[in-house]
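Take a look at the model below. Follow one hairpin first, then turn to the pockets.

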Amino acid sequence: MAYTSNPEGEARILSRLADLQSRCDRQNRPCFLGFLDDFQRKVCQNALRKSALAYRFYGGYEDAERVFLGLSPWEDSGLLDEDFPIRQVEAVFRHQDKPGHRDFLGAVLALSLKREAVGDILVEEGKARIYLTAPAADVVLTQLVQVGRIGVVCCEPLSWSTATKRRFTEIEGSISSLRLDCVVAFLGDLSRSGASELIARGQVSIDGQPVGNGARIVELKEKISIRGTGKFIYDQQPGLSKKGKLRVRFLKYS
């Protein structure tokens, strides 16, 4: 079975976008929609190319993965960082504890929050920064006290830096082709047949959209998600190896 499109998901986000545009025109003020994933962002971006409304995507810091879409009726006035209805909560834990992104996301969603209320979660040594809608931030601040078996203390910083940068792990090597099955085999340390099976089961996505065609060529800067393995950006192709293979570099989300 090939997973190459998501018409139902596209129709749903376009309907929400149309409602947002109508509200922005009617109320003559900036309006916001989020948090959006990669696929939803791309659908909105394509639809807004001919719009007269000014718009901006922002997720609490530059290069955020999950973002809000802001629409403004004032073409000559851009949307500022502080205009977006995003709050940041810091969850502090012991430095010897090592919770991961998946641990935090599971703990936050277990508080009966919807996925669209939660933006990026950046985990560092002894601290995680969680980007949220305002109502979701109130829930996390009062109810999140444990992530797995690890105790956490949550607070909202009086001010927070927008210069945050996501951390990546570099993965370099050589592959015979940029076909998706070759790329998945390389990133997941799998056989070609094992990679093809994952793709056929819809467990591999590009830019948030499941792809079932192993022959699909991966393009620079596309994001590849492999369920159970992680998310990667195809960052660079430095050239050819001595054996004629493609030298590539991917960045894995930490």
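The paragraphs below go from strands to open spaces.

This is a predicted model, where local features need pLDDT of at least 70, side-chain atom pairs count only at pLDDT 80 or more, and totals for chains, interfaces and linings use all residues. Residues are numbered from 1 along each chain as its sequence is written, and side-chain values use heavy atoms, with hydrogens and water left out.

Start at strand β5, residues 118-124. Strands (E, at least two residues) and helices (H or I, at least four) are DSSP runs, numbered from the N terminus. Six of the seven residues in β5 are buried, meaning under 20% relative accessible area with a 1.4 Å probe and protein chains only. Its partner is β6, residues 127-132, antiparallel over five bridges; strands pair if DSSP finds at least two bridges between them. L122 faces R129 in β6. Two residues separate the strands of this hairpin, and there G126 has a positive phi near 80 degrees.

Now the pockets. A pocket is an open set of points on a 1 Å grid over the protein atoms alone, where a 1.4 Å probe fits, with protein on both sides within 12 Å along at least five of seven lines; lining residues have an atom within 4 Å of a point. Of its 33 lining residues, E65, H101, S225, G230 and K231 are closest to the centre. Strand β5 returns here: β5 and β14 (230-240) are among the elements that each supply at least two lining residues.

Definitions and conventions. Buried means under 20% relative accessible area, exposed over 50%, partly exposed in between (1.4 Å probe, protein chains only).
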